[in-house]
Amino acid sequence: MRSPDPGRLEALRAAAPEVERQLPQLLREVESSWHSADFLPDFQGEAGMEQLRRLREEAAALDEDTLTVLIGDMITEEALPTYAGWLHRMGGAGDELDSESPWRKWIRGWCAEENRHGEVLNRYLYLCGRVNMKEVEISIQHLIRDGGDTETGTDPFRGFIYTSFQEMATRVSHLNVARRARERGAELLYTVCSRVAGDEHRHARAYTRFISLFLELDPNGVLVAFEDMMRRRIVMPARFLRERGGAQGDAFRKFETVATRAGVYTPWDYVRILESLLEAWRVPGLSGLNEAGRRAQDYLCGLPERLRRVIPRLPAPPADPVPFRWFLPPGAEPAAEVAAG
Ligand SMILES: [Fe+2]
Ligand SMILES: [Fe+2]
């Protein structure tokens, strides 16, 4: 397994004391933090069945696009083992950083918090009775097995730029699902997705701070890494999402169509996130850069404007129903496959 290069390891070591100092603000205490059980029916108590009835009643009012995005978001969260392994490789694969390094502590704390995202959304979907859970579980298994190459290698600069971007993207997505849930009277789902989005917001703050620390140590290295990532575009963690019998990524493309037309995550969000990152890292005002750093700065600062010109020319997502196995009645096969076979 490859480790980060020596310069990057040096940056990780140099930034460690500041990360240690900030950890208490970046992670919530386990016992005072929220848990799935705070929101979901409590079957140990007498009110459990009534709480379940209310959950199913509100979920009955959800439209299929909202449910589809919720399922896709949940599956993305449930692929946590993939991201955990990848982050550990970046945080020093072997003995370069010991287990009590603040980077390792952060990664473990982050994993613990992310774990409850998949958990709470999965339980909500299971209890709501609108979803073929076996088909969803097959998609989860496939995604974990397929992995999710973020194209960042073991480079902590690229890796934490990626996670800064992704935490902002997942926040946007969960917030928009929350909004759509509330519009349809699903208050419990609104609350759950808002809490998840709150975690994503805090995580995004953590990762952007890490990059700010790296910027103090090696501004040219960070800018060149950022430029490289944006030139190749930020790939989504669930881009290999598939359904039973499907090819890698085929369900992801359908999911993207639904997320775009539902306004849950669109190319405009991509640009806005890029702009937030440029602002958070004060990229336009960075000075004293070398030639590669200046070139990267120019490219990055001009990118939002270029994307804003391109996006209106992208084709609108189709309005037709997008079929997913996740909604099939138990034991049923999709209509097209029945006809074909
Ligand atoms: Fe999450
Ligand atoms: Fe997250």
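Visitor: Why is Gly263 called partly exposed?

Guide: Gly263 has 14 other C-beta atoms within 10 Å. The C-beta atoms are placed from the backbone, and a residue is buried if 20 or more others lie within 10 Å of its own, exposed if 12 or fewer, and partly exposed in between. With 14, Gly263 falls in between, so it is partly exposed. Gly263 sits in the loop between H10 and helix H11 (267–280). Its C-alpha atom is 8.9 Å from that of Ser173, a residue 90 places away along the chain.

Visitor: Before we go on, what kind of model is this, and how do its numbers work?

Guide: This is a predicted model, in which local features need pLDDT of at least 70 and side-chain atom pairs count only at pLDDT 80 or more, while totals for chains, interfaces and linings use all residues. Residues are numbered from 1 along each chain as its sequence is written, and chains are lettered from A and ligands numbered from 1 in the order in which they are written.

Visitor: How many helices and strands does the protein chain have?

Guide: You'll find 13 helices and 0 strands. Those elements are DSSP runs numbered from the N terminus: helices are H or I with at least four residues, strands are E with at least two.

Visitor: What makes the protein chain as compact as a globular protein of its length?

Guide: Its radius of gyration, taken over C-alpha atoms, is set against the globule rule, 2.2 Å times the number of residues to the power 0.38. For 341 residues the rule gives 20 Å, and the chain comes out at 21 Å, close to that, so it counts as that compact. The C-alpha atoms fill a box of roughly 60 × 50 × 35 Å along the principal axes. Buried residues are 36% of the 341.

Visitor: What share of the contacts joins residues 24 or more positions apart?

Guide: That share is 81% of the contacts with a separation of 6 or more. A contact here means two C-beta atoms, placed from the backbone, within 7 Å.

Visitor: How do you know that H4 and H5 are roughly antiparallel?

Guide: Look at the axes of helix H4 (residues 80–90) and helix H5 (residues 102–128): they come within 10 Å and cross at roughly 170 degrees. Axes are lines fitted to C-alpha atoms, for helices over the stretch in contact, and angles run from 0 to 180 degrees between N-to-C directions. Under 35 degrees counts as roughly parallel, over 145 as roughly antiparallel, 65 to 115 as roughly perpendicular, and the rest as oblique. The angle of roughly 170 degrees is over 145, so H4 and H5 are roughly antiparallel.

Visitor: Which residues make that contact?

Guide: H4 brings Leu80, Ala84, Leu87 and His88, and H5 brings Ile107, Cys111, Glu114, Asn115 and Gly118. They divide into 5 nonpolar, 3 polar and 1 charged. Nonpolar covers Ala, Val, Leu, Ile, Met, Phe, Trp, Tyr, Cys and Pro; charged covers Asp, Glu, Lys and Arg; the others, Gly among them, are polar.

Visitor: Why is Glu151 called exposed?

Guide: Glu151 has 12 other C-beta atoms within 10 Å, and that count makes it exposed. This residue lies in the loop between helix H6 (133–146) and helix H7 (156–183). Its phi is positive, about 60 degrees, although Glu151 is not a glycine.

Visitor: And what makes Arg233 exposed?

Guide: Arg233 has 9 other C-beta atoms within 10 Å, so it is exposed. Arg233 is in the loop between helix H9 (219–232) and helix H10 (250–261), and its phi is a positive value near 70 degrees.

Visitor: Is Arg244 buried, exposed or partly exposed?

Guide: Partly exposed, with 16 other C-beta atoms within 10 Å. Arg244 lies in the loop between H9 and H10. Not counting residues up to four places away in sequence, Arg244 touches Glu135, Ile138 and Arg325.

Visitor: Why is Ala178 called buried?

Guide: Ala178 has 20 other C-beta atoms within 10 Å, so it is buried. Ala178 lies in helix H7 and, leaving aside neighbours within four places, is in contact with Tyr190, Cys193, Ser194 and Ala197.
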